[in-house]
Amino acid sequence: MPETHTPDVAPDDARAALAAIATLLAPAHPAVADEVLRAHDSPHDYVSAFGDRLDGRGIDEPVDNLAWIALIDALDARGLLAEFDWKEDAQEIRAQLRSLESRPSVDPWVLFEDEEALLPTEAFLHACGRHYRETGAALAVLDIESDCYPVVGLRAARTEELTALAARAGFPVHHLGADGGRR
């Protein structure tokens, strides 16, 4: 069973914040917000409907962070999130980030130096975040208190909004490359 997270926020405020995050990260995909709100409002129904998706996470009954997991899974299902293992290869990270629907229009990969590809996963992800910021984009980890990195792309100008909404929902977000390399 995965770790759970209990948000210390009012349910209505968390619900509104989750809906706003889904809209921010998936503006062309209203079904993302629908899935997130279903997990928030009717967790048993969500687990029943999305059991196959949740099996890979070892979830077979509602958990405290189910709506957050639903957000991550819904974004992933639509090519808006890439989830990396703690020891992911730099080329695999690059390939998955390049395939995101939310990738920047200017290719940040031309800014990379050869030795950056040799960095360990977390350091490489922060290097990616720094280079994305140079193009006006940003990468953020929707933290699920696990040894993986669920990463989304967004416009750099919207990172503070994402952070504030995630705090209102009671879940952590970490911006890659924004703080000198620490996750």
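User: What counts as a polar contact here?
Analyst: A pair of N or O atoms within 3.5 Å; within protein, one must be able to donate a hydrogen and the other to accept it, and residues adjacent in sequence count only if both atoms are side-chain atoms. The model is predicted, so local features need pLDDT of at least 70, side-chain atom pairs count only at pLDDT 80 or more, and totals for chains, interfaces and linings use all residues. Residues are numbered from 1 along each chain as its sequence is written, and side-chain values use heavy atoms, with hydrogens and water left out.
User: OK. Which side chain does aspartate 73 make a polar contact with?
Analyst: That of arginine 57, at 2.8 Å.
User: What else does aspartate 73 touch?
Analyst: Leaving out residues up to four places away in sequence, aspartate 73 touches Arg53, Leu54 and Arg57. Contact means heavy atoms within 4.5 Å.
User: Is aspartate 73 buried or exposed?
Analyst: Buried, with a relative accessible area of 6%. The cut-offs: buried is under 20%, exposed over 50%, partly exposed in between (1.4 Å probe, protein chains only).
User: And how much of the protein is buried?
Analyst: Buried residues are 45% of the 183.
User: Switching to overall size. What is the radius of gyration?
Analyst: 16 Å, which agrees with the value near 16 Å for a compact globule of 183 residues. The radius is taken over C-alpha atoms, and the globule rule is 2.2 Å times the number of residues to the power 0.38.
User: What does the C-alpha trace span?
Analyst: About 50 × 30 × 30 Å along the principal axes.
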